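Here's a quick walk through one chain, written for someone who likes the cut-offs spelled out. Have a look at the model first, then read on.

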Amino acid sequence: MHARAMRLRDYHRSDFELVWELDQECFPPGIAYSRSELRAFLSQKTAEAIVAERDGRVVGFVLGWRRSGIDGHVITLDVATSARRQGLGRRLLGELERRFQVAGVKRVQLETAVANSTAIAFYERLGYRKVAHLERYYGRGLHAWKMAKTLDGEQARLPRARVLASKIGRSPR
Ligand SMILES: CC(C)(COP(=O)(O)OP(=O)(O)OC[C@H]1O[C@@H](n2cnc3c(N)ncnc32)[C@H](O)[C@@H]1OP(=O)(O)O)[C@@H](O)C(=O)NCCC(=O)NCCS
């Protein structure tokens, strides 16, 4: 079924368990969020959380927050295995970026595991660039790319990728 048959709507508290299960399906242990981590991100004052439904089933989720007036961060983007490659990830991220832009965000950042080649290809396709290599971001041997995109199209202002030899801990993906 095409992504057009999928409905995007605001996240409600009652979606929590389904969204958490979707996150568990989408990420390996150690990278998937615990319930308390996910709750903590959702409770941020500037959190934007959007759910995608198909036939009343939650098949997609995106969560972001504004860290400062002009900086947005993608905390997670989850599309159920059965709903992939139908444009849903693109729609969810596009809606998050639209909301960020309305709120004055100029630059969106995220982290993704170096081993997650699907996510890297997806984000690059949508205009994100690798801006830093984060050593051991998810733990020993589990490095990440910090990726970023400017919402006003001035991508040239982004710094070139550099290596940060620090573990930032359990911060947003
Ligand atoms: C990454 C993810 C969100 C993509 O969602 P999706 O709905 O399948 O993506 P879309 O259908 O919108 O794809 C948009 C474009 O991204 C690229 N892309 C998506 N999946 C890809 C893959 N497996 N390999 C290569 N390119 C891919 C393609 O260019 C695609 O356009 P196309 O289908 O016209 O070729 C999804 O695979 C997912 O949930 N993965 C697990 C969780 C995760 O890694 N989240 C991101 C890190 S926070």
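## Overall layout

Among contacts in the chain between residues at least 6 apart in sequence, 64% join residues at least 24 apart; a contact here means two C-beta atoms, placed from the backbone, within 7 Å. This is a predicted model, where local features need pLDDT of at least 70 and side-chain atom pairs count only at pLDDT 80 or more, while totals for chains, interfaces and linings use all residues. Residues are numbered from 1 along each chain as its sequence is written.

The chain has four helices and eight strands, running β-α-α-β-β-β-α-β-α-β-β-β from the N terminus. Those are DSSP runs numbered from the N terminus, with helices being H or I of at least four residues and strands being E of at least two.

The average pLDDT is 90, and 86% of the residues score at least 70; pLDDT is the predictor's confidence in each residue, from 0 to 100. Over residues 164-169 the pLDDT is below 50, and that stretch has eleven contacts in the model beyond near neighbours in sequence.

Strand β2 (residues 48-54) is mostly covered, with five of its seven residues buried. Four bridges join β2 to strand β1 (residues 7-10), antiparallel, and D10 stands opposite I50 there. Strands count as paired if DSSP finds at least two bridges between them.

On to β3 (residues 57-66): seven bridges join it to β2, again antiparallel, and R54 has R57 as its bridge partner. The β2-β3 hairpin has two residues between the strands, and D55 takes a positive phi near 50 degrees.

Why is strand β7 (residues 144-150) described as largely enclosed by the rest of the structure? Because six of its seven residues are buried. Seven bridges join β7 to β5 (residues 107-113), antiparallel, and five bridges join β7 to β6, also antiparallel. W145 in β7 stands opposite T112 and opposite H133.

L134 lies in β6 (residues 129-134) and counts as buried because it has 22 C-beta neighbours inside 10 Å. L134 and V114 are 20 residues apart in sequence and 9.1 Å apart in space, C-alpha to C-alpha.

In soluble globular proteins, nonpolar side chains tend to be buried together. The largest nonpolar core here has 39 residues, of which V62, L92 and L96 touch the most other members. Helix α3 (residues 88-102) gives the most to this core, with five residues. A core is a set of buried Ala, Val, Leu, Ile, Met, Phe, Trp, Tyr and Cys residues joined through C-beta atoms within 7 Å.

Leaving aside neighbours within four places in sequence, L92 is in contact with L8, I50, A52, G60, V62 and L77.

## Around the ligand

Which residues come nearest to the ligand? Of the 21 around it, they are V79, R84, G89, R90 and A121; being near takes a C-beta atom, placed from the backbone, within 6 Å. The elements giving two or more residues to this shell are β4 (71-79), α3 and α4 (117-125), and α4 has the largest share, five residues.

The shell divides into eight nonpolar, seven polar and six charged residues. Ala, Val, Leu, Ile, Met, Phe, Trp, Tyr, Cys and Pro count as nonpolar, Asp, Glu, Lys and Arg as charged, and the others, Gly among them, as polar.

Terms used: Buried ≥ 20, exposed ≤ 12 C-beta atoms within 10 Å, placed from the backbone.
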